[in-house]
Amino acid sequence: MQFKIPFNKPYFTGNETVYIKDAVQTGKISGDGSFTKKCHAFFEERYGFKKCLLTTSCTDALEMAAILLDIAPGDEVIVPSYTFVSTVNAFVLRGAKPVFIDSEASNPNLDAQQLEALITPRTKAIVVVHYAGVACDMDAVAQIAEKHNIAVVEDAAQAIDSYYKGKPLGSIGALAAFSFHETKNIISGEGGMLVINDEKYIKRAEIIREKGTNRSAFFRGEVDKYNWVDIGSSFLPSDIIAAFLYAQLENVEDIQQKRKQLWDRYQQNLAVLQEKGLLTLPFIPDYATNNAHMFYIVAKNVKEREQLIEFLKQADIYAVFHYISLHNSNFYVQKYHEQVTLPQSDRYTDCLIRLPLFYELTFEQVDYISSKIAEYFNQAK
Ligand SMILES: *Cc1c(COP(=O)(O)O)cnc(C)c1O
């Protein structure tokens, strides 16, 4: 008898509540307390990020990025269509127009070969999304961004502990945004982080995050009173969230190791189905590492995708589809009256299936899920 296999199950290392209790006992639970500082130091040391600022979500970190880049009405921002809505909304909120770029045929990341044709004098930023934690072709992106003097922002929501040619994702763009939402590898329920790699944005980032005041400088004793100096909002999380996050970060090696083992097992089990041409498995380019954020398969068409999801559901396995191309959304079509054709983005919209992958999933369960997928293709032909 198999039990229900959910798509995701948040993993708790055990120290979350211990650290939350510590935070409560210090009597200071607002933002930028001792656990927030510990989290910042962890990231800056482990990944060499120049400056880290925890935020209440990745969405907030992206909104901070849009403010920092002075995005304004009339500007254009190049973004993949196959992404989460926050990647785009953050810039649309400042008045920018999204210019959608298609995915690669080999994986859902943006196709850097198509960038040049989309650049206009109004292009202010290129926002890359490292889908499933697999790096985009960052040298190709950087080359075009430098040529046209355009900022690169990494939506690294899924990309913790992953690398491009040895460089940690999140350390390459001028700015990068991470998520600790409970569906990611490292979690705090809701939570995120802005990484600032270009020094010129550091001072203003602190101000924007503190409601447009220079409170951070005040607490460091750099100014004798704090004041309204810029636009801003409340983007910093409570130290209770940071306490939770720190317990997770201390276990990053263990969490990543387990996820990678599960991912590899799927890959091994399903390779034979790919060889038979029945489905496509994730492609990891030579320049990228795999952080096992997600195991997905790409079916041949939407009908097969729906049937396979249903077949797995009958076996109590909860597999799910993912993004719906933003260029086809009602909001985009009605607001901009534009039709764009992005065949790869549409293909992933129709055909991609994410399989259960979480710390407490067992190898036996991965084998069971894999055998059910094989069974689907046996009975389907
Ligand atoms: C999860 C995710 C987000 C949003 O993260 P939040 O922390 O929930 O705001 C943004 N972009 C991508 C690519 C994501 O996967």
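So, R305 and E306: their side chains are joined by a polar contact of 2.7 Å. By polar contact I mean a pair of N or O atoms within 3.5 Å; within protein, one must be able to donate a hydrogen and the other to accept it, and residues adjacent in sequence count only if both atoms are side-chain atoms. Before I go on, this is a predicted model, where local features need pLDDT of at least 70 and side-chain atom pairs count only at pLDDT 80 or more, while totals for chains, interfaces and linings use all residues. Residues are numbered from 1 along each chain as its sequence is written, and side-chain values use heavy atoms, with hydrogens and water left out.

Back to R305. It sits in helix α11, residues 302-314. Helices here are DSSP runs of H or I, at least four residues, and strands are runs of E, at least two, numbered from the N terminus. Is R305 buried or exposed? R305 counts as buried, because its relative accessibility is 4%. The cut-offs are under 20% relative accessible area for buried, over 50% for exposed, and partly exposed in between, with a 1.4 Å probe and protein chains only. A polar atom of the R305 side chain also lies 2.9 Å from the backbone oxygen of L352. Skipping residues up to four places away in sequence, R305 touches A299, F321, Y348, T349, D350, C351, L352 and I353, where touching means heavy atoms within 4.5 Å.

Now the ligand. There are 14 residues around it, and the closest are T59, D155, Q158, S179 and K184; a residue makes that list if one of its heavy atoms lies within 4 Å. Sorted by class, that shell has five nonpolar, seven polar and two charged residues. For the classes, Ala, Val, Leu, Ile, Met, Phe, Trp, Tyr, Cys and Pro are nonpolar, Asp, Glu, Lys and Arg are charged, and the others, Gly among them, are polar. A ligand oxygen is 2.7 Å from an N or O atom in the side chain of S179, and Y323 has a polar side-chain atom 3.4 Å from an oxygen of the ligand. On its own the ligand exposes 390 Å², and the protein buries 93% of that; those areas come from the Shrake-Rupley method with a 1.4 Å probe.

Next, helix α6, residues 138-148, where M138, A140, V141, I144 and A145 are buried. Why do they line one face of the helix? Looking down the axis of α6, the buried residues fall within an arc of 160°, so they line one face; the arc is taken over the directions from the helix axis to the C-beta atoms. In general, an α-helix has 3.6 residues a turn, so residues three or four places apart point the same way. On the other side of α6, Q143, E146 and K147 are exposed. The cover over the buried residues of α6 includes α5 (115-118), β4 (123-129), β5 (151-155) and β6 (163-164).

Last bit: backbone angles. Most residues other than glycine have a negative phi. N149, which follows α6, has a positive phi near 55°. A292 has a positive phi near 55° too, and A292 is buried, at 0% relative accessible area. For H337, phi is near 50°, again positive, but H337 is exposed, at 67%.
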